[in-house]
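Here are some notes to read with the structure open beside you. Take the points one at a time and find each residue on the screen as you go.

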Amino acid sequence: MASTIRVRATSSGETTEVQALIQHPMDSGYVKDAKGDLIPPHFIQELTFEYDGKSVFVADWGPAVSKDPYVKFSFKGGKKGDDLKISWVDNKGASDTTTAKIQ
Amino acid sequence: MTITLDGFPATRRLILKGAGAVALFGFGGFSLGSALAGANDKYPEDAFKQKSDADAIKSLYGKTAEVSDKVKLDAPEIAENGAVVPISVSSTLADVTSISILVSENPNALAASYRIPAGTLPSVANRLKMAKTTNVIAIVEAGGKLYSASKEVKVTVGGCGG
């Protein structure tokens, strides 16, 4: 299966800007389906970005984060060609991991 | 649990407890340190369950925030679609360790909380759902203290009712 994580990490020399887009329903548990039944909550709880063996950014998310979540941040350091590891885990225990090259 | 009178199993339990404590300290030293640093340990399950913004902040950080112009909250005046509201938070404060975003009148106020390790810039952009017109609150934890900024966002179509 293709990865659910799309990442663009761009180094400007001093800092690396990271933008990530993840495919996930992020169901809040408050929305009803066509039959009027509540769709149970299903959302990413933790999203981690690691560079050089250390986490550079950790997102703790609740169900109020939009569907197919987007996040942007920057960290000092990071060289072109280096790896950035991204992983998430949701409230049902599902997870995904990918590695992106810094551009 | 059974009550023992001869004392032997109790002693054994004590020894095991002691060994457990040593193991905990041995492996847990690092996580213990970061737990003391505030919200920087694990997924804050309870904070996300709180209904009001004040309770969520208290559960997450155990203290209250003071309003600061060094916290910059970017959110639209009017959000046409409450399901996708672009919100970004940045700060000029030093030693920022976390940034949290709350939507006051969502069913659960806390929307997202970001841990900012040393070397990561205190700036984050994301997209959140908003049930209705309400205040968005940005909390920045810097040097162990909390600073906040808030802004009302008008929502024309709510993002929680479907």
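1. Let's start with how much of chain B is tucked away: of its 162 residues, 39% count as buried. Please keep in mind throughout that this is a predicted model.

2. What does chain B look like as you read along it? Chain B has 3 helices and 9 strands. Among the contacts in chain B between residues at least 6 apart in sequence, 65% join residues at least 24 apart.

3. Now turn to where the chains meet. In chain A, 28 residues are in contact with 28 residues of chain B. Strand 3 (44-51), strand 4 (54-61) and strand 5 (70-76) of chain A each supply at least two residues of the side that touches chain B. Sorted by class, that side of chain A has 14 nonpolar, 8 polar and 6 charged residues.

4. Strands can also pair across the two chains. Strand 4 of chain A pairs with strand 6 (residues 110-115) of chain B in the antiparallel sense, over 4 bridges. To see where these two strands face each other, find A59(A), which stands opposite Y114(B) in strand 6 of chain B. As background, strands of a sheet pair through backbone hydrogen bonds, either parallel or antiparallel.

5. Strand 1 (residues 5-11) and strand 2 (residues 15-22) of chain A run antiparallel and are joined by 7 bridges. These two strands form a hairpin with 3 residues between them, and G13(A) in the turn has a positive phi of about 100°. Two facing pairs to look for are T10(A) opposite E17(A) and A9(A) opposite V18(A).

6. Strand 2 of chain A has another partner as well: 7 bridges join this strand to strand 5 of chain A, again antiparallel. Here E17(A) stands opposite S74(A) in strand 5. What are the two faces of strand 2 of chain A? The covered face has T16(A), V18(A), A20(A) and I22(A), while T15(A), E17(A), Q19(A) and L21(A) are on the uncovered face.

7. Finally, please check two loop residues. M26(A) has a positive phi of about 50° although it is not a glycine, and this residue is found in the loop between strand 2 and strand 3 of chain A. D95(B) is not a glycine either, and has a positive phi of about 55°; D95(B) lies in the loop between strand 4 (85-91) and strand 5 (96-103) of chain B.

8. Are those two residues, M26(A) and D95(B), buried or exposed? M26(A) counts as buried because 23 other C-beta atoms lie within 10 Å, and the cut-off for buried is 20 or more. D95(B) counts as exposed because it has 12 other C-beta atoms within 10 Å, and the cut-off for exposed is 12 or fewer.

Note on methods. Residues numbered from 1 in each chain as written. Chains lettered and ligands numbered in written order. Predicted model: local features only at pLDDT ≥ 70, side-chain atom pairs only at ≥ 80, totals over all residues. Contact = placed C-beta atoms within 7 Å. Nonpolar A, V, L, I, M, F, W, Y, C, P; charged D, E, K, R; others polar. Pairing = 2+ DSSP bridges.
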